[in-house]
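Take a look at it first, and then we'll go through it piece by piece.

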Amino acid sequence: MTALTAASRLGFDPERLRFGLRTAAGACIALLAAYLLGLEHPQWAAMTVWAAAQPVRGMLLEKGLFRAAGTLVGIVFGILLMVLSGGSPIVIVLGLSIWIGLCAAAGNVLRGFLSYGAILAGYSASMVLLLDTGHPDRILALGLDRFLTVMVGVAVGTLTAFLLTPKGAEDAIVGRMRRVDARVLLHLAARLGAPGQGREDETLLLGELAAIEEGLDPHAAGSMRSRRAARVFRAILMAQVRALLWARATRGEPSPHPAAACLIQAAHALEAARPLAEVVPAIEEGAAKLADQPELKEALGQLARAMRTRLAGDEAEQRPEPLAQWAVLHRDWRGAREAMIRATAVMLLVGAFWLVTGSSAGPFVLLGTSVMISVFSTFENPAHVMRFVFLGQVVGALAALACRWVVWPLATGETQLVLMMVPFVLSGILPFAHRRTIAAGTDYNMILLLLLQPHYPLTGDFAHSVGIALGVVVAPLIALAAFRFVFPVDAGRRMHMIAETIVRELENMARSPRPDASPVVWRARLEHRLLRLLRWGERSGTDPAPLVDAGLAALRLGEAVRIMRRLAGEPGMTAGIQRTAGIALQRIAQLESEPGRAARAMDRLAARLAPLRPGEAARVADAAGRLPAASALLRHAPRPRREP
């Protein structure tokens, strides 16, 4: 029986155990390196290794770089605030609260490790401002020490990862993309009447695309080449979303279409892992035969061009077409605003408590709160996660107290203090890798190191150490209350916010004569919002089929709004149609509260328009007929709003 097999039987995850061993070894090396370099807080270097730990090389490299950048920005802000405030606690609390709120907002708008860097810039300022509040004259030295220890941790963690982390699994998403590409093409062939070709559920395919899209940001980490590849993959995904929405909207049983054979040929080439050079021409040939299906033709053309961009790679002198307009990302501006308000308010309350009581543990409570209220604001269900964070921090604080009051008194010098920390750092592997404690493992290690300051001779008393430890571990409880009662957030809530955003945008399009975005950009952003809506719906246990139909209804309604806006202002159009189009736009501007009236107004417009422009009339009527399907969006955006 191997050691890993025995560990697995004891409840440890073998891959996580290997990952934990590598990370703990790197943390010990960083601790010793920072100490030998003469840095005042060598434990921060070890904390950096744990905080930036990633199972994949590229992810660790990019996270380390953003950690360094975010730390530098936070340190500079902290130093400036200390200098400008003159050490005034009131000004520090006020300025730090606003800064943490702004960084939390940025973290919720941005994606990937850029989000991580923004949040880190927030609480890095806290670590500079709050860990040595009694000596504001040392702020420059403390900031420099903090930055250098982080850089040591980043360097050691990156070197350890490149020496010990296998390259495997970094391209797993490529195979997943290839398989779903083939499935989508076969499904489209079935919708085009290919005999003997089975259909799949568009909802399931869109759900798979949503899962892949969510994993593209980690895949992009590590190099510009990976980032460009992720952009191409996203463009391919969005072309597939467009094609699947066409399939969802198609009714009846079509006759066999000549384009179907081309799509089947491309799908079989993908299934056999043939080069893209054999796949793209078949898709282009199929698109060329779809003159009678312009929407699908456009989607397949986009798919082929994105694949050609991927095929061209880095050596191409010219890109077939820029991809930015095909993949416009949803930004959670409302979630960012709520995260900012929540973080700022909580920091002000905790800071006021410190100022009123003068507690020596106050800065540690404020520091812990700044981390909890910002880092976890981007999580799916932060209130739920706080329970595990609290458990990890309690056990980590107990381990730190044991090290400080049981082991360290045996030391005769500072070097021994640092060496005595090593077994405790290695002990972090156990909660980090056990299946029951994985969620608490990182916090165990972070709090253990935060509370251990290897300075000889030892100072302070046991009561003071306990007070500091309690001040640190109370932060998750404060954050738990904040996430539960101040703009509570979970998967269902995030789904609601996206649904409400879609409805609000449709209303604003009907209300404003000048849309905020071009039709291409608006559609691309809506398609990405649909993927995010499906992802959050899956996590909240919501039936995805109504969400897909609602997204299709929103797409058709947006197209109809643009038609009606054009009709209402067209000089040669009859006054009756212009008036009817204007009334329909007014009804859509109140879509959330009066969807039925909007549908009836659009039906009246379609009836009047049919003799003059049957194509546009059919599109307006189709959008009106799909409004009942938009009930899923309206149901998840339940707050009516009165217009002035």
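Which helix does Arg523 lie in? Arg523 sits in helix H24, which covers residues 519-539. Keep in mind that what you're looking at is a predicted model. Is Arg523 buried or exposed? Arg523 counts as buried, because its relative accessible area is 10% and the cut-off for buried is under 20%. Once you set aside its neighbours within four places in sequence, Arg523 is in contact with Arg242, Glu295, Leu555 and Glu559.

## The overall picture

Let's zoom out. The protein chain has 29 helices and zero strands. Of its 644 residues, 55% count as buried. The chain exposes about 27,200 Å², and carbon and sulfur atoms supply 62% of that. Now take the contacts between residues at least 6 apart in sequence: 78% of them join residues at least 24 apart.

The largest nonpolar core has 107 residues, and the members that touch the most others are Leu185, Leu188, Ile283, Leu300, Met564 and Met602. Helix H11 (residues 224-249) brings the largest share of this core, with 14 residues. Apart from this core lies another one of 97 residues, including Ala27, Trp50, Ile139 and Val346.

What does Met564 touch, leaving aside its neighbours within four places in sequence? Met564 is in contact with Ala581, Ala584, Leu585, Ile588, Met602 and Leu605.

## A nonpolar patch outside

On the surface, Leu72, Val76, Leu80 and Leu84 form a nonpolar patch, and together they have about 400 Å² of accessible area. Val76 belongs to helix H4, residues 57-85. With a relative accessible area of 41%, Val76 is partly exposed.

## A few residues side by side

Here are some residues with their relative accessible areas.

| Residue | Relative accessible area | Class |
|---|---|---|
| Cys103 | 7% | buried |
| Cys403 | 0% | buried |
| Ser115 | 8% | buried |
| Ala277 | 46% | partly exposed |
| Gly396 | 0% | buried |
| Phe487 | 29% | partly exposed |

A word on the cysteines: Cys103 is buried, and so is Cys403. How many disulfides does the structure hold? The count is zero.

Ser115 is found in helix H6, which runs over residues 112-130. If you don't count residues up to four places away in sequence, Ser115 touches Gly107, Leu110 and Thr378.

Gly396 has its place in helix H17 (residues 382-407). Gly396 counts as buried because its relative accessibility is 0%, where anything under 20% qualifies. Its contacts, leaving aside neighbours within four places in sequence, are Tyr444, Ile447 and Leu448. Gly396 and Gly441 are 45 residues apart in sequence, yet their C-alpha atoms are 9.0 Å apart in space.

Ala277 gives another pairing of this kind. Ala277 lies in helix H13, residues 276-288, and its C-alpha is separated by 9.1 Å from that of Met307, 30 residues apart along the chain. Why is Ala277 described as partly exposed? Its relative accessible area is 46%, so it falls between the 20% limit for buried and the 50% limit for exposed.

Now for the backbone. Most residues other than glycine have a negative phi, and most peptide bonds are trans. Where does this model depart from that?

Start with Ala273, in the loop between helix H12 (259-271) and H13. Phi of Ala273 is near 60 degrees, a positive value in a residue other than glycine. Phe487 also has a positive phi, of about 50 degrees, although it is not a glycine. Phe487 is placed in the loop between helix H22 (475-485) and helix H23 (491-511), and it is partly exposed at 29% relative accessible area.

Which peptide bond is cis, with omega near 5 degrees? That is the bond from Tyr456 to Pro457. Pro457 is found in the loop between helix H20 (438-450) and helix H21 (462-473).

Note on methods. Residues numbered from 1 in each chain as written. Predicted model: local features only at pLDDT ≥ 70, side-chain atom pairs only at ≥ 80, totals over all residues. Heavy atoms only, no water. Core = buried A, V, L, I, M, F, W, Y, C linked by side-chain atoms within 4.5 Å. Buried < 20%, exposed > 50% of the residue type's maximum accessible area, 1.4 Å probe, protein only. Helix = DSSP H or I, 4+ residues; strand = E, 2+ residues; numbered from the N terminus. Contact = heavy atoms within 4.5 Å. Patch = residues over 30% accessible without salt bridge, like charges linked within 9 Å, V, L, I, M, F, W, Y side chains within 5 Å. Areas by Shrake-Rupley, 256 points an atom, 1.4 Å probe, with all protein chains shown as cover. Salt bridge = Lys/Arg side-chain N within 4 Å of Asp/Glu carboxyl O. Disulfide = S-S within 2.5 Å.
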